[in-house]
Protein chains: 2
Amino acid sequence: MSENLVISVDAMGGDNSPRVVIEGLVIAAKQNPDINFLLFGNQEKINPILNLYPALKKVCEVRHADEVVRNEDKPSQVIRNRNTSMYMAIEAVKKGEARAVVSAGNTGALMAISKLVLKTIQKIHRPAIVSIMPHQNGKYVMLDLGANTECNAVNLAEFAIMGNILAQHALEIKKPRVALLNIGAEEMKGKEEIRQAAQMLKNSRLNIDFIGYIEPHEIPNGVADVIVADGFTGNIALKSIEGTARLVVRLLKRAVKESFLAKLGLPFMLGVMLKVKKTMDPRLYNGAMFVGLNGLSVKSHGGTDALGFSVAVGNAAKLVRQNFVSTIRNELEQVDLDDLSQDIIYEVY
Amino acid sequence: MSENLVISVDAMGGDNSPRVVIEGLVIAAKQNPDINFLLFGNQEKINPILNLYPALKKVCEVRHADEVVRNEDKPSQVIRNRNTSMYMAIEAVKKGEARAVVSAGNTGALMAISKLVLKTIQKIHRPAIVSIMPHQNGKYVMLDLGANTECNAVNLAEFAIMGNILAQHALEIKKPRVALLNIGAEEMKGKEEIRQAAQMLKNSRLNIDFIGYIEPHEIPNGVADVIVADGFTGNIALKSIEGTARLVVRLLKRAVKESFLAKLGLPFMLGVMLKVKKTMDPRLYNGAMFVGLNGLSVKSHGGTDALGFSVAVGNAAKLVRQNFVSTIRNELEQVDLDDLSQDIIYEVY
């Protein structure tokens with residue numbers, strides 16, 4: 001383990017900040033005794049809360065930031081203001097003072113400032129947003145979840161490479177099975193850029209276990225470890241999955257409420273329900289990672305609680321310890337994607 | 001009710017045909033005493049089963065078809081063979097012998113033959129696949145579910161018009177709330193064609209209650225009655241929803257199996273579980289409708305059972321009784337979509 005694992009934190013992002021952020025750091029610090037935190041935000045709001053947690057205070061350095069990125073702020077505005085807690089937290093990574101940044105603030109702003117300050121890795125055309133998600137027997141990574149609405153085959157292939165490395169590091173899977181999200185398993189279905197990306201990923205020079213297309217209903221079966229899509233499609237799939245999981249739970253709750261018999265049975269079933277709830281608990285999958293940048297930027301859900309925030313911090317720490325960013329850089333030096341894309345056989349319609 | 005509501009049925013489509021198809025017609029005939037069926041397929045296989053159901057036999061006319069469309073057949077092949085049960089069943093609608101066709105066969109083939117034989121309604125550029133789905137308080141219609149991988153703004157606006165009429169007819173909602181599926185509620189998010197379609201749908205000449213964008217996780221809340229997307233996005237959302245619903249149910253089942261206590265509680269909870277299962281039961285939402293054609297073509301799930309097949313037939317009958325196809329035609333005569341699209345303010349990036 002590295003001696004000096006510093007993570008920079010935007011203390012002012014998300015609902016109920018800085019309280020939830022600091023309480024999240026309390027949990028994260030206990031689980032990761034090797035981390036030191038650089039905490040950016042309003043000192044007057046941070047210090048009274050931090051004083052309640054002496055153990056955390058010892059591994060925290062607070063740096064005052066006058067301003068805050070609000071949820072309604074546009075990316076074009078926020079990149080011009082260097083005095084926000086978010087901007088300063090990201091800049092700490094750029095300066096080498098921290099190795100990753102975590103924020104529960106505005107996603108668009110975090111991506112815009114991260115791109116501007118940290119810059120995209122030289123051989124990557126577009127950074128992507130990745131999350132770790134649950135399937136029936138374990139976890140998988142999915143990207144892009146919304147950074148890039150439209151993508152070409154090279155972008156998709158880059159996402160596959162980065163997702164492959166992420167699954168190796170964060171999920172500890174030696175040879176992740178990588179799939180492209182599509183609407184049919186057949187070779188000819190779906191969009192042209194997806195078919196072209198499939199051709200690129202089959203190339204043995206990439207050293208990726210590419211298993212072909214995956215349809216969204218197969219995702220929960222755990223047949224793939226890395227699922228690659230453009231940001232629009234990935235976001236649609238992610239939000240459909242989240243919404244449906246919540247719907248089923250809500251329908252169950254409502255049905256139990258309306259049934260006297262079910263209420264009697266509840267004590268027997270509580271354990272089972274909690275177990276399923278835990279498997280699907282969004283807090284345990286909190287922390288969307290921005291990959292493809294010279295530094296790691298992690299977005300916590302704005303509405304999460306202390307446990308959720310600590311998971312995002314834990315993910316960031318794990319990837320830093322494993323030198324995730326430099327692994328991506330090294331991997332990409334071995335292969336020229338633009339060159340690979342020359343091999344695509346363009347189909348004529 | 002019309003006196004002579006004839007529905008044409010491809011008896012050979014789907015798993016376990018023609019048995020499941022005929023058993024489905026038994027249920028449908030009981031619930032819809034006004035329907036007569038034209039049944040296409042292999043007489044030698046159909047008649048022995050049909051003989052078991054004298055009541056159904058009275059309202060059925062069997063027409064022999066030598067050949068069958070197989071699941072692996074490509075659309076380009078099947079449109080050339082007029083001797084399949086699917087082709088003949090669709091042709092009966094074209095000839096005016098039936099007012100709708102139902103098949104559990106190959107989706108691509110059914111769409112290709114339906115387009116070729118029935119033709120697209122004059123003012124519609126592209127037919128779409130629609131399904132009725134459950135949300136927490138009722139049902140909604142979603143289209144396109146896969147007929148058109150890429151769509152422009154005019155296509156999306158056409159889907160909205162057809163979906164609006166379908167919700168009025170099939171769900172009996174007077175003024176359906178129509179929404180465009182997108183990845184953010186903000187005006188600027190998502191793809192250009194979606195933003196352009198939003199501009200068109202705001203036009204008062206369309207007389208649509210357009211409520212703006214909807215994100216996939218909001219769908220189960222029941223905030224919209226018609227959800228419009230291109231066929232790729234719609235298919236991704238549909239399959240994500242189906243897969244997740246099954247995952248949650250599977251996790252619950254597995255957890256119950258592993259817990260002695262939960263097994264004790266099962267008798268109390270069974271009612272609740274069955275209720276939720278029924279709300280989500282895919283059989284009750286079976287029957288994807290191809291809309292935008294001069295005639296109604298309904299695709300039943302290939303793996304459904306008799307109950308599921310009867311739901312698809314019932315949906316077809318309901319839309320025929322309400323003159324769904326001519327309503328679309330009339331509605332489109334009032335408004336020129338290509339003309340409307342001239343009003344789009346193209347954004348400069």
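## Exercises on a predicted two-chain model

With 27 C-beta neighbours inside 10 Å, Ser114(A) counts as buried, since a residue is buried if 20 or more other C-beta atoms, placed from the backbone, lie within 10 Å of its own, exposed if 12 or fewer, and partly exposed in between. This is a predicted model, in which local features need pLDDT of at least 70, side-chain atom pairs count only at pLDDT 80 or more, and totals for chains, interfaces and linings use all residues. Residues are numbered from 1 along each chain as its sequence is written, while chains are lettered from A and ligands numbered from 1 in the order in which they are written.

**Exercise 1.** State in which helix Ser114(A) is found, and list its contacts beyond four places in sequence.

*Solution.* Step one: Ser114(A) belongs to helix α6 of chain A. Helices (H or I, at least four residues) and strands (E, at least two) are DSSP runs, numbered from the N terminus. Step two: leaving aside neighbours within four places in sequence, Ser114(A) is in contact with Ile90(A), Phe290(A), Leu293(A) and Ser297(A). Two residues are in contact if their C-beta atoms, placed from the backbone, lie within 7 Å.

**Exercise 2.** Describe how domain 1 and domain 2 of chain A meet.

*Solution.* Step one: domain 1 covers 1-124 + 292-323 and domain 2 covers 125-282 of chain A; the bounds come from an automatic or database domain assignment. Step two: the C-alpha centres of the two domains of chain A are 26 Å apart. Step three: 10 residues of domain 1 of chain A are in contact with nine residues of domain 2 of chain A. On the domain 1 side, α6 (107-118) and α11 (306-321) of chain A are the elements that give two or more residues. Of these, α11(A) gives the most, with three residues. Step four: by class, the domain 1 side has four nonpolar, four polar and two charged residues. Here Ala, Val, Leu, Ile, Met, Phe, Trp, Tyr, Cys and Pro count as nonpolar, Asp, Glu, Lys and Arg as charged, and the others, Gly among them, as polar.

**Exercise 3.** Characterise the crossing of α10(A) and α10(B).

*Solution.* Step one: the axes of the two helices (residues 260-280 of chain A and of chain B) come within 7 Å and cross at roughly 135°. Axes are lines fitted to C-alpha atoms, for helices over the stretch in contact, and angles run from 0 to 180 degrees between N-to-C directions. Step two: α10(A) and α10(B) are therefore oblique to each other, as angles under 35 degrees count as roughly parallel, over 145 as roughly antiparallel, 65 to 115 as roughly perpendicular and the rest as oblique. Step three: the residues that meet include Leu261(A), Gly265(A) and Phe268(A) in α10(A) and Leu261(B), Gly265(B) and Phe268(B) in α10(B). The residues of this contact are 12 nonpolar, four polar and no charged.
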